[in-house]
Every structure is written in C-alpha cells, then in structure tokens.
Amino acid sequence: MTLLVHMFTLATVGAGLLFFVAGLVGLLRLPDDLTRLHALAKADNVGLALIVVGLLPQAASLLDAGKLVAVWALLQLASGAVAQLMAEVAAREAKEGGE
Amino acid sequence: MNLVLDGALALLVLLAAARATLARQPLPAVVAFIGYGLALGVAWVRLGAPDVAMTEVAVGGGVTGLVLLRAVSAAAAGAEAAATPVRRVAALALSLVVFAALAGVVVGLPEPAPSLAEAVATHLPPTGLGNPITGVLIVFRALDTLLETVVLLLALIGVWSLSPDRSWAGALAGLDAPPSGALDFLARVIAPVGLVVGIYMFWAGADVPGGAFQGGAVLAAMGLLVIAAGIRPPPRLQCRSLRLMLLAGPFAFLGVGVAGWFVAGAFLDYPAGIEKPVIIAVEVAITLSIAVTLALLVLGPPKERAP
C-alpha cells in the first residue's frame with residue numbers, strides 16, 4: 001500500500017516537474033513577451049497543482065494536507081494576478097512601441 | 001541522493017550570486033539577487049534553521065529586493081561608472097580571502113563543535129518559551145535585539161535625511177503602480193490573509209519557527225501591497241500615531257530593560273514569574289515597529305513639501 005502511495009507521489013511530482021520544464025522551454029524559446037507569459041503561467045500553475053496533489057498523500061496529518069492546499073491556493077492567486085499585471089505592462093509597451 | 005540535491009542547491013546559490021555580481025545591467029542583477037535570497041533561504045532550511053530561512057526570504061530577498069528594485073528604477077540609466085578591472089580583481093581577491101578564512105574556521109572546528117545549545121536548552125523552560133531561537137533573541141541575547149531595533153530606526157532616519165530640506169517630513173511618494181484591476185483584486189484578497197499570516201508568524205514564534213522579524217516583514221509587505229494598489233495613500237509622516245508606532249519597539253524594549261534593573265536586578269532581566277507576558281508584550285511592540293519601519297524604508301524619503 002505504501003509502495004503504491006510512493007509511486008503515486010513520484011509519478012505526479014515528476015509530471016509536475018515536467019510541466020515546469022515545459023514552461024521554462026517556453027520562456028526561452030517563444031518569440032514574444034505575451035506568449036512567454038502564457039506558457040509560464042499555464043505550465044507553472046498545472047505543475048504546482050500536480051506537485052501539491054502528489055505531496056498530499058505524504059502529509060503527516062489532515063491539517064498539514066490542508067496547509068499544502070492553502071499554499072497552492074495562495075500561489076494560484078498571486079501568480080494569476082502577477083501574470084495579469086505583467087501582461088498589462090507588456091501590452092502597454094507593445095502599444096507604445098507601435099505608435 | 002541528499003548529496004545530489006544539496007550539491008544542486010549550492011550550485012544554484014553560486015550561479016545566482018555570480019549573475020547578481022557579474023550582470024552588466026542593474027535590473028537583471030537585482031532580480032538575480034532576489035533569486036539568490038530565495039535559494040539561500042532553501043539552503044538555510046537544509047541546514048536545519050527554518051527561522052533564519054524565513055528571515056532571509058522575507059527581509060533579505062523580499063524587502064531588500066524591493067528597495068533595490070525601486071532604486072534601480074529611480075536611478076538614471078547608464079549614469080553609473082562601471083567598475084574598473086583593477087577594482088573587480090581586488091573585490092574578487094578580497095571575497096576569496098574572506099571565503100577561505102570562513103571555510104577554514106568552519107571545517108577546522110573540533111569535533112564536537114563548541115556550542116551553547118545545551119545551556120540554552122537548560123535555561124529555556126523558566127522563560128515559558130518553546131522556541132530556542134526566540135529565547136536567544138528576546139531573553140539570552142536581548143541586548144543584541146534591542147540594538148537591532150535601534151539600528152533599524154536609525155536606518156529609517158538615514159533614508160529620510162536623503163530628502164531635500166524643504167521636503168523634510170513631507171509627503172511620501174506612493175509606489176507608482178499604474179491603476180490595475182488585477183493588482184486591486186490581489187491586494188483586497190491577499191492583504192487580510194497576509195495580516196493573519198504575519199500575526200500568526202509572530203505569535204507562533206514563541207514555540208515553533210517564526211518570530212517578530214519574520215511576522216513584521218510579512219505585515220510590512222501587506223501594507224505596501226495595499227499602498228501599491230492605491231487602496232490607501234502612503235502614510236503621512238507628521239502623523240503622531242505613525243511616529244509612536246515607530247518608536248514603540250525600541251523604547252518598549254529599552255523601558256523593559258531599565259525596569260529590569262529595579263525589579264529583577266539586572267538590565268534586561270525579566271522578573272521571575274511573569275517572564276512570558278513581558279516577553280509577549282515586548283515582541284508585540286517590536287513586531288509593530290519592524291513592520292512600520294520596513295514599509296517606510298521601502299517607501300523611501302519624502303518627495304514633496306508637507307501639505
């Protein structure tokens with residue numbers, strides 16, 4: 001049983017890391033500010049969600065599992081808002097550059 | 001496996017530090033510095049020092065990074081003199097000498113290394129605290145913490161003295177964030193959560209990793225977020241309650257220290273039996289002062305004449 005739990009954790013955390021790597025590749029290879037932001041925001045959110053889901057069975061108690069979910073929720077909120085802010089700046093700069 | 005992870009972490013810290021010192025432009029250097037602070041925080045956790053890790057990330061990475069970012073955006077681009085090769089080599093040589101000395105001291109410690117941990121563990125129970133770090137900060141080395149709070153206050157006065165004479169105690173410039181729905185939403189949702197987290201970090205620091213500095217830094221960050229979103233204007237420096245909040249920490253601590261002379265026999269000695277309430281009272285005062293001081297340090301010197 002614990003073997004299954006550990007395999008689940010390894011698989012989901014590994015998948016989450018893959019998403020982070022994908023976001024990194026997008027950051028490095030995509031041409032434009034807005035496309036890079038899109039890749040980073042989407043990949044990081046899914047990656048973090050997978051990592052948190054993978055760590056939930058390893059949590060010592062229900063309270064610890066709740067704290068992991070709370071960390072995930074706060075990070076979602078913050079990274080979503082920050083991505084919006086950066087996109088606003090990028091769009092404004094693109095508009096000013098075009099004029 | 002641990003060695004591989006620790007090695008990767010050490011490499012990350014070194015790379016971030018290299019990027020921060022060798023970057024040509026100031027903005028990538030500051031961003032690398034913030035990343036360095038985060039990586040160093042994780043390194044502190046790996047060394048078994050979560051209190052230090054929290055302070056590193058909150059104050060070293062967060063507040064200091066924010067002050068540097070504002071400095072970079074305010075400084076004229078391309079106006080600074082580049083470091084000459086001689087200066088660079090001298091700085092590198094000096095850093096290597098300091099590193100070699102520190103490494104020699106740490107590696108050459110006798111086994112077991114001399115440590116005061118046992119003495120702290122023996123004397124911690126009478127104070128009513130469960131966290132030895134807080135015990136060292138507020139009880140055993142209280143003088144150091146008192147001086148730290150005074151140094152913070154002096155740093156703030158130093159920052160204020162950068163304003164021209166006519167703007168002394170004038171209006172603070174805000175954080176120059178353009179109006180944004182996302183920022184407004186973020187501030188309104190996260191600020192209450194951050195307030196609870198900051199107060200909890202200070203309160204729980206009595207028994208688990210945490211403390212006044214970390215909690216104060218989080219509270220300062222929430223205040224700055226609210227000011228950045230434009231929900232509240234920056235505080236007025238002539239406001240008496242603001243100045244009282246700044247002074248509360250150092251002077252409450254000093255007052256408790258002097259009272260200790262008469263009540264308990266020595267400066268900064270706590271009276272037997274009521275140590276914990278006095279410690280909590282002092283910590284409340286210094287958390288408040290640290291939060292307000294850090295926020296005002298980020299907001300910088302006043303720009304305009306007082307209205």
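What does B:R46 count as, and at what relative accessibility?

Author: B:R46 counts as partly exposed, at 43% relative accessibility, where buried means under 20% relative accessible area, exposed means over 50%, and partly exposed lies in between, with a 1.4 Å probe and protein chains only. Before going further, please keep in mind that this is a predicted model, in which local features need pLDDT of at least 70 and side-chain atom pairs count only at pLDDT 80 or more, while totals for chains, interfaces and linings use all residues. Residues are numbered from 1 along each chain as its sequence is written, chains are lettered from A and ligands numbered from 1 in the order in which they are written, and side-chain values use heavy atoms, with hydrogens and water left out.

The partner of B:R46 is B:D6, with which B:R46 forms a salt bridge whose closest N and O atoms are 2.7 Å apart; the term stands for a side-chain nitrogen of Lys or Arg within 4 Å of a carboxyl oxygen of Asp or Glu. This pair links distant parts of the chain, since B:R46 belongs to helix α2 (residues 26-46) of chain B and B:D6 to helix α1 (residues 2-22) of chain B, 40 residues apart. Helices here are DSSP runs of H or I with at least four residues, strands are runs of E with at least two, and both are numbered from the N terminus. B:D6 is partly exposed, with a relative accessible area of 29%.

Over all chains, a search of the whole structure finds 4 salt bridges. One of them joins B:R188 to B:D184, with the closest N and O atoms 2.8 Å apart, and these two residues are 4 residues apart in helix α8 of chain B, so that about one helical turn separates them. B:R188 is exposed at 52% relative accessible area, whereas B:D184 counts as partly exposed at 24%. Another is in chain A, between A:R36 and A:D33, where the closest N and O atoms are 3.7 Å apart. Both of these residues lie in helix α2 (residues 33-55) of chain A, 3 residues apart, which is about one turn of the helix. A:R36 is partly exposed at 27% relative accessible area, and A:D33 is likewise partly exposed, at 43%.

Between chain B and chain A, in contrast, the count is 0 salt bridges. The side of chain B that touches chain A has 8 nonpolar, 2 polar and no charged residues, where Ala, Val, Leu, Ile, Met, Phe, Trp, Tyr, Cys and Pro count as nonpolar, Asp, Glu, Lys and Arg as charged, and the others, Gly among them, as polar. There is 1 residue pair in polar contact between the two chains, both residues at pLDDT 80 or more; such a contact is a pair of N or O atoms within 3.5 Å, and within protein one atom must be able to donate a hydrogen and the other to accept it, with residues adjacent in sequence counting only if both atoms are side-chain atoms. The two chains bury about 710 Å² between them, 83% of it on carbon and sulfur atoms, buried area being the accessible area (1.4 Å probe) that two parts lose on being put together, summed over both. Of the area that chain B buries against chain A, 47% is supplied by B:A182, B:L186 and B:I190, more than any other three residues.

A nonpolar core is a set of buried Ala, Val, Leu, Ile, Met, Phe, Trp, Tyr and Cys residues joined through side-chain atoms within 4.5 Å. The largest one has 35 residues, of which B:L175, B:L246, B:L294, B:L296 and B:L299 touch the most other members. Among the helices that each supply at least two residues of this core are α3 (62-98) of chain A and α8 (181-204) of chain B. Apart from this core lies another, of 15 residues, including B:I138 and B:V278.

Finally, A:T9 sits in helix α1 (residues 2-29) of chain A and counts as buried at 9% relative accessibility. A polar atom of the A:T9 side chain lies 2.9 Å from the backbone oxygen of A:G54. A:T12, in helix α1 of chain A, is buried at 12% relative accessibility and, leaving aside its neighbours within four places in sequence, is in contact with A:L50 and A:G54, contact meaning heavy atoms within 4.5 Å.
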